[in-house]
Amino acid sequence: MADLPEYVPPAVWVPGKANGGAFANINRPTAGARFDKDLPVGKHPLQLYSLATPNGVKVTVLLEELLELGHTGAEYDAWLIKIGDGDQFGSGFVAANPNSKIPALVDHSGAEPVRVFESGAILLYLAEKFGAFLPTESKARTETLSWLFWQMGSAPFVGGGFGHFYAYAPAKFEYPIDRFAMETKRQLDVLDKQLADNEFIAGSEYTIADIAIWPWYGALAKGWLYNDAATFLSVHEYKNLQRWANAIAERPAVQRGRKVNRVFGDLDSQLHERHDASDFLTKTQDKLNTQG
């Protein structure tokens with residue numbers, strides 16, 4: 001690092017040339033719609049617009065868990081939003097989420113549609129709507145919500161921090177990778193210590209805290225994020241986290257939820273859009289390619 005020229009920030013920052021990093025082609029310092037495009041609306045009251053990033057997986061896992069419990073009102077249409085193509089900047093999506101981030105949910109079950117954006121807010125909305133995966137007793141509910149918001153505040157250090165500089169930045173630099181690897185490992189240790197005395201994150205019950213945290217930290221523990229980051233971060237050392245990550249990965253609803261709006265990985269793991277429960281059997285990409 002000593003050989004690198006020091007960057008001296010200007011008095012006033014202005015956007016410069018593209019830096020070549022991932023998503024550089026869509027990043028701008030302004031918000032709002034960039035083109036007109038209505039969002040599609042399917043047959044179910046719940047309309048999800050998403051992609052199978054960790055934040056997107058949270059919502060599809062919860063919806064599949066609700067359906068497995070018998071909550072038929074949780075049937076949903078999941079529409080694919082290709083964030084690399086900039087779909088999130090269409091006027092319809094911006095109306096659903098002015099922050100132009102997936103996932104976004106629109107509930108058409110009432111007199112007026114209700115938009116819900118930010119994955120944590122969607123989990124809380126659905127848990128309260130269906131009375132599931134969120135304890136009603138005050139202490140247990142508060143513990144669950146504390147961990148839910150822990151994830152919302154902590155994961156940006158993993159994704160936008162460690163993941164960006166380790167896997168997506170146009171060049172690798174020691175300082176930011178070390179900085180965010182340190183914080184990521186600290187967070188993994190927080191979870192490992194919590195899980196030493198608890199079956200699930202917030203206690204003995206599987207809750208929206210687990211559903212929020214697992215797509216980030218469970219996936220990292222299983223080696224599914226950021227290339228070989230699992231080795232780099234020595235995730236095998238976190239034994240309690242590994243036990244929890246593996247147990248949740250075995251849940252059928254989690255396995256289904258991971259497939260929805262997925263456009264990478266093995267073809268049988270990709271269900272680009274989900275409009276019916278039968279789609280898992282007939283419309284994953286391996287099936288569609290065979291039909292074609």
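1. Let me start with the largest cavity, which holds about 30 Å³ of space in this predicted model. A search of the whole structure finds 1 cavity of 30 Å³ or more. Its lining is made up of V61, Y206, D210, I211, W214, P215, I248 and V254. Helix α6 gives the most to that lining, with 4 residues.

2. Is D210 buried or exposed? D210 counts as buried because its relative accessibility is 0%, and the cut-off for buried is under 20%. Once neighbours within four places in sequence are set aside, D210 is in contact with F200, I201, E205, P215, W244 and I248. A polar atom of the D210 side chain lies 3.0 Å from the backbone nitrogen of T207. If you were wondering about E183, D210 and E183 are 27 residues apart in sequence, and their C-alpha atoms are 20 Å apart in space.

3. On to the packing. The largest nonpolar core has 68 residues, and L126, I208, Y217, Y226 and W244 are those with the most contacts inside it. Helix α6, residues 208-221, contributes the largest share of this core, 11 residues. A second, separate core has 11 residues, among them L51, W79, L80 and I102. As general background, nonpolar side chains in soluble globular proteins tend to be buried together.

4. What does I208 touch, leaving aside its neighbours within four places in sequence? I208 is in contact with L62, L123, L124, A127, F133, L134, T144 and L148. W244, also listed with I208 for the most contacts inside the largest core, is in contact with D210.

5. Now for the strands. β1, residues 46-50, pairs with β2 in the parallel sense over 5 bridges. Within this pairing, Y49 stands opposite W79 in β2. β2 is mostly covered, with 5 of its 5 residues buried. Which residues of β2 lie on each side? Y76, A78 and L80 are on one side and D77 and W79 on the other, and both faces are covered. W79 and L80 turn up again in the second core.

6. β3, residues 104-107, pairs with β4, residues 114-117, in the antiparallel sense over 4 bridges. The two strands form a hairpin with 6 residues between them. V106 stands opposite R115 in β4.

7. The second largest pocket holds about 170 Å³ of space. There are 14 residues in its lining, and K37, L39, P40, L80 and I81 lie nearest its centre. β2, residues 76-80, and α2, residues 91-96, each supply at least two residues of this lining. L80 therefore links several of these points: it is among the residues nearest the pocket centre, it is part of the second core, and it counts as buried in β2.

8. Some backbone geometry to check. Most residues other than glycine have a negative phi, and most peptide bonds are trans. The peptide bond from I102 to P103 is cis, with omega near 0°. P103 lies in the loop between α2 and β3, while I102 is included in the second core.

9. Two asparagines have a positive phi. N227 has a phi of about 60° although it is not a glycine, and for N261 phi is near 60°. N227 is in the loop between α6 and α7, whereas N261 is in the loop between α9, residues 252-259, and α10, residues 279-282. Are these residues buried or exposed? N227 counts as exposed because its relative accessibility is 63%, with the cut-off for exposed at over 50%. N261 counts as buried, because its relative accessibility is 0%.

10. A last point concerns Q242, which lies in helix α8, residues 239-249. With a relative accessibility of 17%, Q242 counts as buried, since the cut-off is under 20%. Beyond its neighbours within four places in sequence, Q242 is in contact with A221, V235 and H236.

Notes. Residues are numbered from 1 along each chain as its sequence is written. This is a predicted model: local features need pLDDT of at least 70, side-chain atom pairs count only at pLDDT 80 or more; totals for chains, interfaces and linings use all residues. Side-chain values use heavy atoms; hydrogens and water are left out. A nonpolar core is a set of buried Ala, Val, Leu, Ile, Met, Phe, Trp, Tyr and Cys residues joined through side-chain atoms within 4.5 Å. Buried means under 20% relative accessible area, exposed over 50%, partly exposed in between (1.4 Å probe, protein chains only). Contact means heavy atoms within 4.5 Å. A polar contact is a pair of N or O atoms within 3.5 Å; within protein, one must be able to donate a hydrogen and the other to accept it, and residues adjacent in sequence count only if both atoms are side-chain atoms. Two strands pair if DSSP finds at least two bridges between them. On a 1 Å grid over the protein atoms alone, a cavity is a set of points where a 1.4 Å probe fits but cannot get out, and a pocket is an open set with protein on both sides within 12 Å along at least five of seven lines; lining residues have an atom within 4 Å of a point. Grid points are joined across faces, edges and corners, and a volume is the space filled by probe spheres set on the points.
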